[in-house]
Structures are given as structure tokens and as C-alpha cells.
Amino acid sequence: MYQWVIIGGGIQGCTIAAHLLLSGKVNKNDLLIIDPFPEPLEKWKRLTQRVGMDYLRSPSVRHLHPDPYHLKSFAKTSDYAGGFKGYYKRPKLDMFNDHCMEIFEIAGLENCWETAWAESLDKNGNLWSITTSSNRKVVSKQVVLALGVNDQPYYPGWAEPLVKEAPDLISHVFSERGMEAFHGASPAAITGAGTTAVHLALKQAHHSSEPVYLIKRHPFRVKDFDSDPGWLGPKFLNQYERINSYQERRKVITKARNRGSVTQSLYSLLKRREAEGKIEIITDDIMTADVHEGKIKLQLKKQGKFSAGSLLLATGAASCLPGKGLVEEVIRKNQLPCAPCGFPVVSKELEWADGLFVSGALAELEIGPVARNIAGARKAAQRILERLEERLSERKSASYRS
Ligand SMILES: Cc1cc2nc3c(=O)[nH]c(=O)nc-3n(C[C@H](O)[C@H](O)[C@H](O)COP(=O)(O)OP(=O)(O)OC[C@H]3O[C@@H](n4cnc5c(N)ncnc54)[C@H](O)[C@@H]3O)c2cc1C
């Protein structure tokens, strides 16, 4: 039996594991992470590598270690060249990833790993029992759902049939299928307007002798972060926490998140590549798409017909509940409280039911607009750790009394 099982070994799950282990309050033999990939952060590494991201969007103090300045010290002692970039000191991706690996080594995380999907989660008395895709039953006192949204790609209506019909010509950045499309025939087209789309267009253009097309619906939204930094602290959160209506909280989150936005530096680089003729930017709506003689034929609302050799979708994640099947079943079996938008209603310490915690998008209504990113992972880890400390002191005073 474990004290803690974390379902999902991405940025969120690994941040929480690192905080629990490095606090000294959880022993590595008492913690297990369940994730379908054999290594921690595999989904994160695949996506960032796939789009060609070299520096993170978030600043130097956002990483997986509890000490915010730990990455800066790591950069110094490991002597990284160009470890941070610009005014916000954005960390270089390979340094960030090496730092994660060092944390995992210090925390002993490699021995806490189970490569599998968690398929069901049941409450038995005061314990949680998880059945995995390798048919193992794992029992734990506490469970954290850190499922992420990156394996739920959003497909626009016109793209859905095409993805099934021609997976070698069209793929979604978040998908693990259709990788041929990333090396498909010219001209290559990318659809999306956010950081992921722009990174991908820059990468594809770098490897192509012909112009790459970036097709987007709206003008670029140039923003340095995916929400105002005021959402990290009391400036906006004090007011947010006073909102009792979850419908209202959802509205505030939707408004605050700069979805589909791009940083100033990435935007400037894109415009340079456009001026050099390496990237062509089209602002239009894709109405229909089909495949004809090995090419993708798009019908654009204003500009008419457009033909592409391959099409990559950088349209983000579907806006449904993360870990849909698993989570919906847990809700139903345990009658867990949910807001009108379907997302969990949890305590301040992110506890949904006794011993069941959430992070990432599932913790959004409590943490606010930063919940899905690294800053949100740090907040979730701190709050879960606070709950653990509370439990330990409750237990201590109970044992004094008896
Ligand atoms: C290209 C890109 C760049 C980004 N850059 C930044 C940045 O610079 N700064 C920042 O703060 N944020 C950034 N983000 C946003 C966010 O931090 C990342 O998306 C991050 O990976 C989210 O972490 P996660 O743990 O929620 O999801 P993931 O990293 O996707 O991990 C979730 C894991 O849970 C697993 N899982 C799901 N269901 C189950 C199940 N039933 N059983 C077992 N395992 C399961 C998944 O397979 C996956 O391995 C970026 C996102 C992308 C896509």
C-alpha cells in the first residue's frame, strides 16, 4: 500500500511528487506515479521538441523545485551558456529539462514509477484503489489526479474526417499519431495563432526550402504570458477567491487566459521570417477541407481555394474535462461535487473527496487562470503539502490525547 499515488507524470504530477519527497514528509517507498510513458515528463518533452521550442515562455523562477531560485543556482554550477533569455529570464529548454532530471535524481523519483494507464479509481473504506492497464491493483491512502490536457487535441469540425482519411497528410501537434505529416510534402501549412503554432511554423520554415504557410483565424494576440502575472498573487486572487459562484469563476478564468497568444520576441522573429519570404501568413477561416490526388484542398472563406502538401494543426486542447472517462466515472461513483462547467469543486487545499486531490485544469476553479502551467503546478504542490502538514499535526495531537 502507498501513502500517495499520483496519476500522471507530466509537469504537474512531477512537481507535486518533487515537493512531497523533498519536504522530507513523504518517503520514496510510499509514493508512486502512474503514467503511460516510461520516463517522467515524456509528453512535455515530446511536445516541446516537436514544435522546436528552445526557450520556455515562463520566467526563471517557474520550475519543479520548491526553492524558486534553484534553477538559477543550477545554471551557475552547471555553467550553461545562454541559460536564460531576455528581460524575464526565460530558461533554455534543455537546461530546464536537465534541471528536472537532477531534481528527480535527488528526490529518488525513478524508483517511484509505474508505466501504465490508470483505468479506474475506486474508494474502499478510507483507501483508494486504482486498476492499471497492466492489470495491477494499486492501493493508496491519498491520490492526486494530475492528468493534463495535452492528450486531448482539439480538432476543428472540418478537420475531423480528414484526420481519419489521410493521417499521413494531416496531424495535430498534441497527437501521437500521424507523425508522417510533420515531414510531408510541400507546401507545408500550419493552422493556429498561438505560441505552439508560431514555434512550429518557425521550425518547419527552418527545414524547408519553400515557404511555409501559417493559416490563422484572428489577428495575432501579442502577450508576454498566458495570463497577467497579477494572477499569481493577491493582486487578482484576493478578489477571485471572494467569488462564490463557480459560473462566475469560470467566466473570469476564460476572460483572463490569453488563449492563442504569442510573446513579443516570438512575434518579431515570425515577422522577420515573413519578410525573408520563408513564412507566409494567411488570416482567414478554413471552411472545408478534403484530399485530392495526395494534396489537401482547403476552402478559405475570403481567399478561396488553397492547396497544401501537409497540414499541421496547432489548435490546442479540447475544452472538455481532463482524463474524461476515468474522471467521469469517479464523479459518478462517488457523487463528487462539480461546477456547472463540469469541473471539480474542491477545497482550498485541492481535496475533492477525503484523500483525493487534483491539479492542473482540474484545480482551475480554485487556483485560477494559471492552474494549467508551471506556476499552477507549484501552487498545487504547495497546497497539497499544506494539507499533508495539517493531517500530520492532527494525527500528532490525536496521539497526545490518547
Ligand atoms: C508546446 C508547449 C509549451 C509550453 N510552454 C510552457 C512554458 O514555457 N511555461 C509554462 O508554465 N507552461 C508551458 N506550457 C503549458 C503547460 O505547462 C504544459 O502543457 C505542461 O506539460 C502541463 O503539464 P501536465 O502535467 O498538466 O500535462 P502533461 O505534461 O501532458 O502530463 C500529463 C501526463 O498524464 C498522463 N495521463 C493522462 N491520463 C492518464 C491516466 N489515466 N493514467 C496515467 N497517466 C495519465 C499523460 O499521458 C501525461 O503523461 C506549454 C505547453 C505546450 C504544449
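Trainee: Which residue of β17 is the bridge partner of K297?

Mentor: This is a predicted model, where local features need pLDDT of at least 70, side-chain atom pairs count only at pLDDT 80 or more, and totals for chains, interfaces and linings use all residues. Residues are numbered from 1 along each chain as its sequence is written, and side-chain values use heavy atoms, with hydrogens and water left out. Strands (DSSP runs of E, at least two residues, numbered from the N terminus) pair if DSSP finds at least two bridges between them. β16 (residues 295-300) and β17 pair in the antiparallel sense over 5 bridges, and the partner of K297 in β17 is S307.

Trainee: What is the strand order of the open sheet?

Mentor: The edge strands, each pairing on one side only, are β15 (286-292) and β17 (304-308). Pairing in this sheet of 3 strands is antiparallel, and the order is β15-β16-β17.

Trainee: Which residue has a polar side-chain atom 2.6 Å from an oxygen atom of the ligand?

Mentor: The ligand is surrounded by 30 residues (a heavy atom within 4 Å); the closest include S58 and I374. A polar contact is a pair of N or O atoms within 3.5 Å. S58 places a polar side-chain atom 2.8 Å from a ligand nitrogen, and a polar backbone atom of I374 is 2.9 Å from a ligand oxygen. The side chain with a polar atom 2.6 Å from a ligand oxygen belongs to D35.

Notes:
A polar contact is a pair of N or O atoms within 3.5 Å; within protein, one must be able to donate a hydrogen and the other to accept it, and residues adjacent in sequence count only if both atoms are side-chain atoms. Helices (H or I, at least four residues) and strands (E, at least two) are DSSP runs, numbered from the N terminus.
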